[in-house]
Amino acid sequence: MEDESERRALSRRAFLQLVTAAAATAGTACFRSPLDTLVPYVERPPELTPGVGTPYATSFELDGYATGVVVECREGRPIKVEGNPLHPASGGAAGVHEQAALLDLYDPTRARALTRDGEVASWSALSAALRSGAADGTGLHVLLGPTASPLVAAQLARLRERRPRARIHFFEALPPAPTVALASEILGRPLQPLPDLGRARCIVAADCDLFGAEPFALRHAADFAAGRRVRRPSDPMSRLYALGPTPTPTADAADHRLPCTGRAVPHFLAALLEAVLRAEGAPGELTQALAPIAAAAPHAGTIERIAGDLRAHRGEALVVAGRGQPAVAHALAWALTDVLGGIGKTLSFTEPLLADATNRDETLPALVDAMASGAVERLVILEVDPARLAPPALRFADAVRRVRDSVALAPHRNETAALCRWHAPSLHALESWGDGRALDGTVSLVQPLVRPLWEGCTRAELLAALVDDDAASGRALLRTAWAAEGRDAEEAFTAALARGVVEASAARRPAARIRLDAVIRMAGEAAAAETPRDGDVELVFRPDPALHDGRFAANAWLQELPDPVTKLTWENAAWLGPETARGLGASDGTWLRVAREGRSIEIPAIIVPGHAEGSVTLLLGFGPRSHLPASHGGGVDVTPLVPAGLPLASGLVTRVEGRPPHRLARTQQSQRQHDRSVARERTRESLEAAEAPRPLDAFYAPPQGDPPQWAMTVDLTVCTGCSACVVACQAENDVPVVGRDEILRGREMHWLRIDRYAEGGDAAPRTVSQPMLCQQCELAPCEYVCPVEATVHSRDGLNDMVYNRCVGTRFCSNNCPYKVRRFNWRDYQADVPEVTRLQRNPDVTVRARGVMEKCTYCVQRIRRAQIRARRDARPLEDGEVRTACQQTCPTRAITFGSIADAQSAVSRTRAAPQAYAVLEELGTRPRTMYLARVRNPLPGLGVDG
Amino acid sequence: MAEATAIGRPAAPVLEGRPGDAELTDALLSPIFQPGPRVARGWLLLVGLAVLATGVFGVAIGATLTLGIGAWGNDIPVAWAFAIVNFVWWIGIGHAGTFISAFLLLLQQSWRSSINRLAEAMTLFAVVQAGLFPILHLGRPWFFYYLVPYPATTGVWPQFRSALPWDAAAIFTYLTVSFLFWYLGLLPDLASARDRAPTRLRQRLYGVFALGWNGSMRHWHRHRIAYGLLAGLATPLVISVHSIVSLDFAIASLPGWHSTIFPPYFVVGALYSGFAMVITLLVPVRRAFGLERVVTARHLDALAKLTLAMGLLITYAYVCELFTAWYTGDLYERYVAFVSRPLGGFAGAYWLMLACNVLAPHLLWLRRVRTRGLPLLGVAVLIQVGMWTERFVIVVTSLSRDFLPSSWGSYAPTWVDWSLLGGSIGFFGLLFLLFLRVVPFVPIAELKELRETRPEGLEATA
């Protein structure tokens, strides 16, 4: 009681004491945690201006080959990837994987620490374990994927030298084409082919996704597109025939689509070769030897004409087979190119580039055998995932358990990492030192743009640790390897780092002579070995265009990227031709059971017009993953069915009775145009009569602005639908990922989408891929319906979105005839993990829930360029502003600029005879215009083939 | 002798019998002060149900506000769906009350007297529901005031080319005028309730809301003038509000929306559903409170005829819409009118709409249906369903199949969508049930006036 009253009666003295104490605490107690590295620069580093990005050249490797990129770093964070114009595989363009690789850097599911038996361990302990065995390397096995990296090759060479009994194995779920071994056989020396589409005017792509799955795809696409920009009928234009089971971006770009099973491709090529040889007057025994194989060729009626077309392009013809085709198809393709005079022109051969490409019998089965016999003491697995991707018949997992010390280098704790004793996190390319080679041999460097977010090491560093006692840093290793090549000048190294490529490093192209008799003998043997069984369906395995073999499964941008053909997101499905589907009684989403050699999977069907009948395409990369949330494990894992070696097999496909159909998360429901000329096409001849389009007279005068007046054109002739622009836009503009459930609800957020329309018969439809983005209408229907002026026109002809004025009535979207506006139905941006937010472009506003958003023509890039020009007191040059989609486009399909300048590139493309505006009859006067798809079919062959 | 109607048969009376003043007052105040035990029990049960439904409404609103519009089934291209359908449906229902009160007052249709209070209350409560949806429907509802022309420091005004600020203004005006009109008409009866209130508290409360009404000549004089003026003000609103609502669609270039027929078409549709709603409410209320002498077969007959007339007009509007779509030759219009609506994914809704709105009203040619409670109620409910479906067809089918086939989509409502629809019906029901027991729902004073001004014709007059 006494205490109570005392406390209440606060004396003056006590009050002052408290005030003093409070004042003292206020001054002392509010320190944050000790300042660590957040010290502002006393002197600003010359290369760093806050708010201004710094570009660094580096390169990314996929399927063993490197693509050069330039990555923009803002305040120490890499935020955007562009192609490196100096790099031959890029030419300034970047594909979906290059664009999306950035997101993998900020992937919160990455492994963050070295572990041993699941417990965090020290790197010195790992080094000790790596060198613990016999000094000559007995019992040491290394497993890695194919790579052309000189640094890795050098480390492997050192390993062989210092640990001669160590064995090195290569594994990839979908291995590269067996071209080097084939070359040994029919060229007499190990070489690898390098097609040059820039010199080819008549191309046959035989089950070859030149613009997608093949290495050098960006370059191929660019070279191909260069020969397709026509304005008049007299302009030269190349012609592409696409053969094969699966509709791909390459088949979509072709003038003639010739669907046939993968097995039939060599027959077609043999028939083509026979026809060409016959016409060339070759000795009868050659053509007679080919005749039995040619007899089973599909599209037999077209062969003579195609052969004639190829012969008409002597020296400019190219026949190329894809990585999914057997050696014989490649041999026939080379022989055809040779007979047509293309060797050295459209097709060259280079020294083999992949490390140990000549010694490929150290395969995964050999490793498993060694493991099973107990001969493997130490196993080092470098950035491959055999536990998931190896054929189950190998029983890889069981074998690994018999290894004393197994080490997996992997970015995630994936199936292989979980199986191995040690899991060393691998560094992202943007955190690494290294190098790589493009398909033409050009060496490019890999340099870090950011200190590793979490601990980890690279392949080269781990390989070095197998040999050296004190492992050198990645940079030192690269520097040493560089010096060993006889290029030890530091200036040259620095210059190469700055450029991203090493000058004059392209591989030599020795002259090659095809031994035609060897090819024909091979073809005969292959035909004899074939034993097709009745009732079987051909299974074609392909890497997913986005997730590849599953290594990008953690990447939400790629998960949500609609497939270029089916527009399916977050999952895969079995692709069927319409007739095959009818035979099975299947429609979209019907569950199928696909069985092969005692194993089976259940997978939903998706009907793809233009797919070969009697064949089913299965995409790798999907299915639940142990290290990823369930959302990233959509679709069905098809690896249980993947054969070792060639990704073609026979299987049984039946309908699963009683299982309710699966809802496919597609972003485009109808690929038919319903007689609406939205994605237009025309033949080359029809360009003569066409005149430049004239906009409709408007009742109200369009708003008058000041120069520049921004506009864009998209050339549908060269657009392959590869979707690199979609990812580029997403990266540039912080476009959120919404997930499968929201896709099913129709709520994808892509500012730029690619519509695909298929016309003509289902067997071989003509397709057009049409990038659809805000059309920036001069008389924009969205603007006048907005009740709060949240979408208004700028003086330079942009349709602006004022996010903080938007209340979200969505009237603008209803009134947008192009439906390019996207609404934040939920707080999508809040779902972005903390670390992933580091990727966000600081020049772009992050949109709140309930706000409409859409393509801005990359207004932040426009303003940046204008500020730069104003600072330099000069006018803005044409082409100075490049939108993200334009910059990354491999085929340069997108032109952007000001139409206030009549001489600008965009003004000139708008004047092309095939230019048109989508839905121009509505009087919206879109600033985005399209150049109709111009086709160059072989007269008389019929567009449908 | 009964006056002959146009078709030569004697019309039913608008008031049966000759009750005295006190008798009439007591009878019409009894639902408030001395309801029978059955009525009171039934009322409580219904209020319980309505509270439950209102609770669901609250939960759905909570979900919408916390999760965002993502809690609904809306998508791109169907960015407007249930909420807008509900909005148009409710605002349409809200038209009949004012039409009956104001329009018919100006036209001196004396039969309106028995039912106008109920119709006005229905209007008011329907507009309350309608007013909720546009706000809930915003992506950022906390900024709804951006649609109001207030002197903002930003200097930005609403965009007057859009229909939506006008829409907001129209709804608000309509709500205000409807409320004033209803309240003004209520004043004499509130005074009666005050005078008859059994408890002191109720007397006080009714006294406050009666605003000191004492039935003096002066009061009546001013009341009459004010009431007439408000009727004059409310009448054009009946036309304008739904015309403006229709412009929310008609100013868009979307096939299926872009149509000059929309304003009259929507007004007719609104009255159609409004009359159906009046019937839906009137028939059970009349039965429950034993008001057959006050709300006679004559009233039902008149309402049914009006409904039938509106049904024929709406049929004409449908035909016009189809004809226009065909006659323009416009590819997109034709697709919506002749393919996606009758044959597409929402064909069921389209045919249900036609069955309910075009076929069902023809039952009203039959006098038996017009004057008997239950069959009339059945037709009215069908029309309500039909009119909701009509708005669904207009909003959703048009959006789901617009210009580019690539962006075609579908729509599936979520539990939140259904809860908002059901919940708003529950909330409307709750307000209406409270209204029944709180204020006299048949205008006592007007009935007395009716009795006095037409002493000779009460048995059967018009």
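Which helix of chain B holds B:S30? The close-ups below come from a predicted model.

View 1. B:S30 sits in helix 1 of chain B, which spans residues 21-33. B:F289 is 259 residues away from B:S30 along the chain, yet their C-alpha atoms are separated by 8.9 Å.

**View 2. A four-stranded open sheet in chain A.** The strand order is 33-26-35-34, and the pairing is mixed. Strand 33 (894-898) and strand 34 (915-916) of chain A form the edges, each pairing on one side only. Strands of a sheet pair through backbone hydrogen bonds, in either the parallel or the antiparallel sense.

**View 3. Strands 26 and 35 of chain A.** Strand 26 (residues 710-715) and strand 35 (residues 928-931) of chain A are paired in the parallel sense. Four bridges link these two strands. A:T713 stands opposite A:M929, a residue of strand 35 of chain A.

**View 4. Helix 11 against helix 13 in chain B.** Helix 11 (residues 347-359) and helix 13 (residues 373-400) of chain B pack at about 140°, and their axes are 8 Å apart. Helix 11 of chain B is therefore oblique to helix 13 of chain B. Their crossing is left-handed.

**View 5. Residues at the contact of helices 11 and 13 of chain B.** Helix 11 contributes B:A349, B:Y350, B:L352, B:M353, B:C356 and B:N357. These meet residues of helix 13, including B:L382, B:I383, B:M387, B:E390 and B:F392. The contact residues divide into 11 nonpolar, three polar and one charged.

Terms used. Residues are numbered from 1 along each chain as its sequence is written. Chains are lettered from A and ligands numbered from 1 in the order in which they are written. This is a predicted model: local features need pLDDT of at least 70, side-chain atom pairs count only at pLDDT 80 or more; totals for chains, interfaces and linings use all residues. Two strands pair if DSSP finds at least two bridges between them. Axes are lines fitted to C-alpha atoms, for helices over the stretch in contact, and angles run from 0 to 180 degrees between N-to-C directions. Angles under 35 degrees count as roughly parallel, over 145 as roughly antiparallel, 65 to 115 as roughly perpendicular and the rest as oblique. A crossing is left-handed if the near helix is turned anticlockwise from the far one by less than a right angle, and right-handed if clockwise. Two residues are in contact if their C-beta atoms, placed from the backbone, lie within 7 Å. Ala, Val, Leu, Ile, Met, Phe, Trp, Tyr, Cys and Pro count as nonpolar, Asp, Glu, Lys and Arg as charged, and the others, Gly among them, as polar.
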